[in-house]
Structure formats: structure tokens, C-alpha cells
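Below are my notes on the model, as numbered points. Please read them alongside the sequence and coordinates.

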Amino acid sequence: MFQAFFVDPFIMIYDTPLFFVEVLVSGLMAGVMYSLVALGFVIIFKASGVFNLAQGAMVLFAALTFVGLWEMGVNPWLSLILSALVMIGFAFSIERIVLRPLVNQDPIIFFMATLGITYFLDGFGQTIWGGEVRSLDIGIPNEPFMDLADMTGLYINKFDVFSAVVCSFLVVILAGFFTKTKIGRALRAVADDHQAALSVGIPLKTIWTIVWSVAGIVGLAAGILWGSKLGVQFALSLIAFKALPVLILGGFTSIPGAILGGLIIGSGEKIAEVYWGEAMGGAIEDWFAYVVALIFLLFRPQGLFGEKIIERV
Amino acid sequence: MIYREAGQFKTTYKSDQALLPIAQDRFFVMALIAFAYIVIPMVANDYWLNSIFLQFFIFSLAALGLNILTGYAGQLSLGTGGFMACGAFSAFKLATSFPDLHIVFVLFLAGLITAVVGMFFGIPSLRIKGFYLAVATLAAQFFLLWLFNRVPWFTNYSSSGVISPPPIKLFGDYYITGTEATNLTQYFFTLTLVIVLALAARNIIRGHIGRSWMAIRDMDIAAEIIGISPLKAKLSAFAVSSFYCGIAGALWAFLYTGTVEPLAFEINQSFKILFMIIIGGLGSILGSFVGAAFIVVLPIFLNSAPALLGLELSGSLVTHIEFMVFGALIVFFLIVEPHGLARLWGIAKEKLRLWPFPY
């Protein structure tokens, strides 16, 4: 028992360092995908204080719309734009139908409402586009770089690299949007203090629509990437739960936190599964991230970059 | 006119502190209990007894447990399913290891074990609160299910990972679990258990512990200043809540389904129970029951609605539409009455006091 936990894994790491690097890299790439989902949570929580559990359902719905349109014969680029428009329309209706009547309610009521939206979206998407698993091929091969493999013996997947690039691109755009544009500044103002923002004339309702649209578009990107990896199916809706430990690790309100948290969780999870999974009975990926996040929270309740205003009781 | 407490004088402290100080409430509750004990068993068939009432009782116990934690102590938890699984599996281990143990003790001990587990997973609540805590309790959900799935000891090395509780006698020749158990025995047993536990919950909540929970919920710092220990209050809330959830889980495995696998307690179950207390009413015993009834009956109604309307739909489409309508109804109820159905009942009582002369 002792040996399986504390000796063997380290010997394995020492013996095959290249394999360790491979595991680490693939974990980091998976982490990028987690951060992409976590990003959607952060954007909405930052600007409206709503803990949006529907992010996973939004990922599924966006991916389903994209695949559905593409299969109907629409040009892929056009269907990308159309799905983005659908997500924006969705944001408008959410703001109008759900958020506006609930203004001033407790956060838990909003939380439950997003759960209701989750059920609705899951059902709605599958009613329209059907519930079967669809494969999505966006033309990026799911194979390692052969040149690199020949030279160094490292197998690094092209698709993983592609998704990392897409994700960093999105992060840069979002960071620019939040810091450089007028709307971005308004968003941060709302995040700091709703009332003060309202009193200097920032329209709260518009802001909410914008954040939900942005979260929807981030969800679309996440949906396409996850969808081409796993196939577009109901399980996509559940990856939201994978993003939650990332959130507590990084803090609910921090974009860099979401990215870094995703990387830590992704690589930690992979390494734990490969080296310690066997000793613990396998499939520890399900809860490992949560336990890491929990232990982390005990020492640093505000997360990696979270604001320090969380009251410690 | 009907519902009016005028003229009901209280001459002793005891009657002043009664659970139901108003005579009409007392009669109503007694009539309801009598109805549940006498009329329902006479008219209901097996389907109603097993699929609706048993399920309703079990869910209301779980909802009661979660309501204690979330509604009264203010600690948001998403780990209900995990705690129910813990109750189910510990009851299974107890029943198979000690075949002579009476079912009441099995349930009680399973509840106690779950309470300890719940206290353990409640420790983070001392450092964090709100949604951070909710996500932290998800750790309980995923970890416990993984444990019961992966560690064969919990399922007595069953190859499929499914547990089937052994047949247990309630008394005499009456079986409470297994194939020989009749729905009627199970109905009476669960009904009695639910009434006893609901009474206990009501009394805990009006007592010292319950008041400290509510103080912590309303303002933790103020509560601490007046001398309530957050450590004790929060951990006791987790313990009592998990005790109820554990018993509910054990009943689910032993009485309702008969065989159970860890998957039956997955995350959707936790959400379902959270829905019950939100729709029924946070911080209300009545609300737990109303919410449970609503969530139990709604899918059955939705399932049969297309047939009633004369529509022919494929099975998967019906499921998807059910999801959709369920989600939409949740949002609708939240918008119409964010404080839950129990609040509607409260408003109705206020109206009834004045009726028919509102001024």
C-alpha cells in the first residue's frame, strides 16, 4: 500500500521522464479546455453575481446548433456566425424573461433559475436537433506531430495544440475587451458595485445582455472544441461540473484565475490518474479535482486570484 | 371566519408553547394524518402506494434534511445525493452484517453514520460560504459515489455493483423489505417514520439548536457576537441534515426500489431535492412536503399529458419535451413566487383570517 502510493509512482516518473512530460502536456491541454468552460462562468459571475449553472447546457446547445446547421448544408463559417447570433438572441431572451423579473432576489434564487434554464436548454436543444451523438470534424487531425515525435520521442497532439491556441486567442480578445473598451470598463464597474454603476448611468440591463452573449459565444467555442473531441452529445452538458473546481481554485471573479486554475486542475488530474489511479481503484478523475480544490480552499478561501472580500467566518 | 383564533384563550405556558397553538391548525393536521392512515390505504391501489406515496415520503424526508441545512442554517449544499447513497450503503452493510438487527435500528444507525460523514464534509463550511461552499459539497457527491462504485467491500463484492437488501421482518410475519413485503406495510411504516421525523425536526428547530442555526443563517457575525459558536451550529446542521438524508437514502434502497446502484444517487438527484425545497419554500417544514409532492407529481403528469391530449410522440422526444417543460415551470414558479409554495399557503391563511370581511 505504502509502496504503491509513495514509491512506485516516483520511480515511474524518474524512469520515463519523456512519458511524464507527455502526460503533463496532455493534462495542460485538457486544462485549457476546462478553462474555456470556466471562463463562461467567470464572465457572468463577474458582471452580475449570478452563478450560472447553465453554462454547460449553453455549451451543448451552441454545439448542437452549429452541428445542426452545418448538417443542413449551411457553409461552416456561416453556421458559426449563425450559431453565435442564436446565442446572442438567447442572451436577450434570458435577460428579458428570466433575469429582469427576478431583479433584487437572493443569489440562490438566480442560481435555481439557471438550473431551470439548464433543464430547459437541454430539452430544447435535443427536441430541435435530436438526441443522438453527432461527430464533428473541423478538419484538425487528432494525431501527434510526427516530426517532433521522430526527433525527441515526444507525442504531442495537433488537436490539443490547436485548442490551446484558440483558447489563448479568446483570452487575449476578452482581456482586451474588458480592459480597453468602454463596454468592458462598464462591465467592470458593474462587477464592483451595481448601485454605483447604475447611478453613474451604466445601463444594467444592457450589460447583462452583453455578458450573457459573450458567455454564449465562449460556450460556442468550447462546444465546438469539446464536440470535435468527444462528439456532440448530452455529456457535453456535464462538463460544466468539470469546470467548477477550476472556479474555486481560480476564484469566481478572476479571468487569469480561470485559466491558471484550469491548467493546474487539468495537469494535476491527468498525473494523478496515470500515476496514482491504479493504486486507488481507477477513475479518480471524477472527484480528484474537487478534493484538490477543497484542500486548497482550506488554506486560501479566496482562490488563486480571487478578491479578498470573501468573509472568512 | 372559519380560520380565526379569536376566543381561544391559553391558560398555561404549556398550551402557549404547543406545536400548533391554533385549534383549526390542530384539527386540520389531525384530519390530514387520519386521512393518510385510514382513507388512502383503503382507496389507493399498489401503483399509487408504491410509486407515488412511498416516493413522496422518501423525497420529503430528504427535502426536510436539506431544508434544515440550506433553509434553516443557510449552508447551500449540492451533496444530498451523496449523503443519500451513504445512508443506503451503510444500511446495506449493517443489514447484511447483522441479520438480526431490527429495521428501525438499521435505519437509525445508517442515519448516524451518514451524520458523521456529513459532518466531515461540512468542515469546509467553517472557512467558506455561499456558492463556494456549494461547489465544495459537490466533492462529497462525486467522492462518495466513486467510493461506493469502486470499493467492492461496500457492495459485499457483488460483481455488478448493485446491492439488493436482504428481506427483513418488521414484526411477526410482516416483511418490510424483499419480495414478500406488501406495499401496505411499507406505506404504514414510512408514513409513521415520516411523521415522527417531521415532528422531531419541528422540535429541534424551535429549540436551542434550531435558533442558533437561524441566527447563523441571518447574520453569522452577529450570531458569533451573541455567543453562538459557528463551529457547533454549522457542524450540527450538517449532522442533522445528513441524518435525515441518510435515512431517506436507506429507505429509497430498501423499500422503494429494492435494488440500488450508486448511479441512482447521482447529481441530478441532488438538484431535484434542491428544487423541492426552493419550490416548496426555504426554511419551512411544510415547504419540504409541498415541494416534494410537486416534484414527484410533475413528471408523472408531464409523462401522461401528451397521451391525454391525444398526441402520438416518440419516447425520446417526450423525454426531451419533459425536460423542457420541467425547466420552464421551475423558472416560472421562481418568478411568480420566489419564496415558495409554503409562502402561498401562509398568504392564504392570512386572507382566511379576515374572510369574508377583509377590513
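1. Two residues are in contact if their C-beta atoms, placed from the backbone, lie within 7 Å. In chain B, 75% of the contacts with a separation of 6 or more come from residues 24 or more positions apart.

2. This is a predicted model, in which local features need pLDDT of at least 70 and side-chain atom pairs count only at pLDDT 80 or more, while totals for chains, interfaces and linings use all residues. Residues are numbered from 1 along each chain as its sequence is written, and chains are lettered from A and ligands numbered from 1 in the order in which they are written.

3. Chain B has 14 helices and two strands (DSSP runs numbered from the N terminus: H or I of at least four residues for helices, E of at least two for strands). Its C-alpha trace spans about 70 × 60 × 45 Å along the principal axes. The radius of gyration of chain B is 21 Å, which agrees with the value near 21 Å for a compact globule of 359 residues (taken over C-alpha atoms; the rule is 2.2 Å times the number of residues to the power 0.38).

4. Of the 359 residues of chain B, 43% are buried (20 or more other C-beta atoms within 10 Å of the residue's own; 12 or fewer is exposed, and in between is partly exposed). B:Asn156 is found in the loop between helix H6 (131-150) and strand S1 (169-171) of chain B, and B:Tyr157 lies in the loop between H6 and S1 of chain B. Neither is glycine, yet phi is positive: near 55 degrees for B:Asn156 and about 60 degrees for B:Tyr157.

5. Helices H12 (residues 285-308) and H13 (residues 315-336) of chain B pack with axes 10 Å apart, at an angle of about 130 degrees (axes are lines fitted to C-alpha atoms over the stretch in contact; angles between N-to-C directions run from 0 to 180 degrees).

6. The contact between the chains takes 39 residues from chain A and 36 residues from chain B. On the side of chain A, H6(A) gives the most, with 15 residues.
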